[in-house]
Amino acid sequence: MLKGVFKAKKKSGEIYYRSNITYRDKHISLGSFKDEEKAHEAYVYAREILDNPVFLFNEWVDNGILSFEKVISLFNLRDNGVYIKTPIYLRTNYFSYFLSPDMELKFDVDDLFYYSSHKIMVRKGHYFVSDYGMQVSILSRYGIFPYAAQGRDYVFINGDVTDFRYSNIHVINPYFGVRMGKKDNVIYFDTYLHLKGDWKIGRYDTAQEAAIAYNKARDLAIRAGIKKEFIENYVAISEEEYAKMYDRVRISERFMEYLTEIS
């Protein structure tokens, strides 16, 4: 057999070839191939990366043998002495997660354990991971609710939308159904509940009041017989204070009339 290649057999009896490489006492699988020559090419390319310290990311060429994800893992092993299955490259005080040669996301080291075992996927500009069988937005780790809008509910402080370090993300609206606005230098918070379109519940002086107004409108909608799984806002205040604010917040008369009509 060619170097780095091992013959294997599927349950069906079909023969295939596995490519492996050992580096710094770490045994690494490079993948499975239909023929011995391709498996050997994978080994040779991996050897070139690991043994050549001046081989850089931008010199990677898609030869159809090793995926870019595997290449990044090999680069990280060579330069940082750590093999990580996901395409992570360790930097000084942070790490990069490569979705492609042109797409590099940046994270704090606090998230290294999580992303070393969770693969990031992207769909229509949204980044998510599979967690316990569910697709979870990576924004949820920052307390950003689903369907939040960049620029309205959160912003990237340095303008880099690929920089997910905690110091770079500012959450404007931490509550679901709440939108902060400003008029004549006065900040206000509008609350909306989605029922076949957005119903404006009211305008409030604080984010907490707006969040509780959302919860109250949600409760009223459920009592009126609307069958929908609404998100409930968690507001970090005492139960007594929450109850007082819940009773005090006013709900749009138009919304209340709508609930009366359908109940």
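D184 sits in the loop between strand 12 (178–183) and strand 13. Helices (H or I, at least four residues) and strands (E, at least two) are DSSP runs, numbered from the N terminus. This is a predicted model, in which local features need pLDDT of at least 70, side-chain atom pairs count only at pLDDT 80 or more, and totals for chains, interfaces and linings use all residues. Residues are numbered from 1 along each chain as its sequence is written, and side-chain values use heavy atoms, with hydrogens and water left out.

D184 is not a glycine, yet its phi is positive, at about 55 degrees. Most residues other than glycine have a negative phi. With a relative accessible area of 67%, D184 is exposed. Here exposed means over 50% relative accessible area, buried under 20%, and partly exposed in between (1.4 Å probe, protein chains only). K196 belongs to the loop between strand 13 and strand 14. Its phi is also positive, near 55 degrees, and K196 is not a glycine either. K196 is exposed, with a relative accessible area of 87%.

Now move into strand 13 itself. T191 lies there. Is T191 buried or exposed? Its relative accessible area is 0%, so T191 is buried. The T191 side chain reaches the backbone oxygen of A210 at 2.8 Å. That is a polar contact: a pair of N or O atoms within 3.5 Å; within protein, one must be able to donate a hydrogen and the other to accept it, and residues adjacent in sequence count only if both atoms are side-chain atoms. Leaving out residues up to four places away in sequence, T191 touches G177, V178, W199, K200, I201, G202, Y204, A210, A213 and Y214. Contact means heavy atoms within 4.5 Å.

The buried residues of helix 6 (residues 253–262) are F255, Y258 and L259. They cover an arc of only 100 degrees around the axis, which puts them on the same side of helix 6. The arc is that of the directions from the helix axis to the C-beta atoms. An α-helix has 3.6 residues a turn, so residues three or four places apart point the same way. On the face turned away from the buried side, helix 6 carries the exposed residues E253, R254, T260 and E261. S252 caps the N-terminal end of helix 6, with a side-chain oxygen 3.3 Å from the backbone nitrogen of R254.

Helix 4 has another partner. It packs against helix 5 (residues 239–248) at an angle of about 70 degrees, with the axes 9 Å apart. Axes are lines fitted to C-alpha atoms, for helices over the stretch in contact, and angles run from 0 to 180 degrees between N-to-C directions. Helix 4 and helix 5 are therefore roughly perpendicular to each other (65 to 115 degrees). From helix 4, the contact uses Q208, E209, I212, N215, K216, D219 and R223; from helix 5, it uses Y242, M245, Y246, D247 and R248.

The axes of helix 1 (residues 36–51) and helix 2 (residues 68–80) come within 9 Å and cross at roughly 35 degrees. Y45, A46, I49 and L50 of helix 1 meet V71, L74, F75, L77 and R78 of helix 2.

Finally, F98 is in strand 5 (residues 94–100). At 4% relative accessibility, F98 counts as buried. The C-alpha atoms of F98 and E69 are separated by 7.4 Å, although these residues are 29 residues apart along the chain.

Key:
Parallel < 35°, antiparallel > 145°, perpendicular 65-115°, else oblique.
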